[in-house]
Amino acid sequence: MSVKIRLQRHGKKGKPFFHIVVADSRARRDGRFIERLGSYNPITNPATIDLNVDAAVKWLNNGAQPTDTARAILSYKGALYKKHLQGGVAKGAFDEAEAEKRFNAWLEAKETKVQGKVDGLSQAKADAKKAALEAEAKVNEARLAAVAQAEADAKAAEEAANAPVAEEVVAEETTEETPAADASEENAEA
């Protein structure tokens, strides 16, 4: 019987969620399995992986073959590296304490790398939000300037419309006074 470490799909259409399982290779994809090792959620950024590393190493040592995606997940979480270190212990290259120390150092380095990615993503999101707010502020300033310009143009047009009427009224008053002044001058001469 060939045993595989593979993904078992769950979740809605368009929103996959996977269980990492050990199953007989002849079983259906979402069918019977021997043991559940963890879960994998590719929707989150970075992807969320929950894996029982010790159980995965046990199955790898017993001959279970991971699929390509499962191999990538096992490598990402350090199960393949831990199996490699156990092989070094078995050959006598170093002892169990040294293997555990190396694995923990690798886990810390991996965690800082993942945390750096999370921080970078949150920083990029914050920068994008700040840029969007600045762009919106510029658009609002442009709108306010346009409204102020329109009000100034309306006042200028209103003043321009009122100004010729005032000049005409002044001109009419001066023309009306002129004949009366001429008549008073004529009476003075007579």
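The exercises below concern a predicted model of a protein chain, and each is followed by a worked solution.

**Exercise 1. Overall layout**

Find how many helices and strands the protein chain has, and in what order the elements run.

Solution. Start with the counts: the protein chain has four helices and five strands. Next, read the elements from the N terminus on, which gives β-β-β-β-α-β-α-α-α. Then turn to burial: of the 190 residues, 22% count as buried. Last, take the contacts between residues at least 6 apart in sequence; 37% of these join residues at least 24 apart.

**Exercise 2. The largest nonpolar core**

Describe the largest nonpolar core: which residues have the most contacts inside it, and which elements give two or more residues to it?

Solution. The largest nonpolar core has 25 residues. Those with the most contacts inside it are Ile5, Ile20, Leu37, Tyr40, Leu51, Trp59 and Leu74. The elements that each give two or more residues to this core include strand 1 (3–12), strand 2 (15–24), strand 3 (35–41) and strand 4 (48–51). Helix 1 gives the most, with six residues. At the level of domains, the core draws at least three residues from each of domain 1 (3–78) and domain 2 (94–156). As background, nonpolar side chains in soluble globular proteins tend to be buried together.

Ile20 touches Ile5, Arg6, Leu7, Glu35, Arg36, Leu37, Gly38, Ser39, Tyr40, Leu51 and Ile73.

**Exercise 3. Gly38**

Decide whether Gly38 is buried or exposed, and list what Gly38 is in contact with.

Solution. Locate the residue: Gly38 is found in strand 3. Compare its accessibility with the cut-off: buried means under 20%. Gly38 has 5% relative accessibility, so Gly38 counts as buried. Set aside neighbours within four places in sequence; Gly38 is then in contact with Phe18, His19, Ile20, Asp50 and Leu51. For Phe18, the separation from Gly38 is 20 residues in sequence, and 8.7 Å in space from C-alpha to C-alpha.

**Exercise 4. Aromatic rings**

Classify the pair formed by Phe18 and Tyr40, then say which charged residues lie over a ring face.

Solution. Searching the whole structure gives three aromatic pairs. For Phe18 and Tyr40, the ring centres are 5.9 Å apart and the planes are at 25 degrees, so the pair is stacked. Phe18 is in strand 2 and Tyr40 in strand 3, 22 residues apart, and the pair links distant parts of the chain. Both Phe18 and Tyr40 are buried. Elsewhere, ring pairs link Tyr81, Phe103 and Trp106 into a cluster. Lys82 lies over the face of Phe103, 5.1 Å from the ring centre. Arg102 lies over the face of Phe94, at 4.3 Å from the ring centre.

How values were computed
Residues numbered from 1 in each chain as written. Predicted model: local features only at pLDDT ≥ 70, side-chain atom pairs only at ≥ 80, totals over all residues. Heavy atoms only, no water. Core = buried A, V, L, I, M, F, W, Y, C linked by side-chain atoms within 4.5 Å. Buried < 20%, exposed > 50% of the residue type's maximum accessible area, 1.4 Å probe, protein only. Domains from an automatic or database assignment. Contact = heavy atoms within 4.5 Å. Phe/Tyr/Trp six-rings, centres within 6.5 Å; stacked < 30°, edge-to-face > 60°. Lys NZ or Arg CZ within 6 Å of the ring centre and 35° of its normal.
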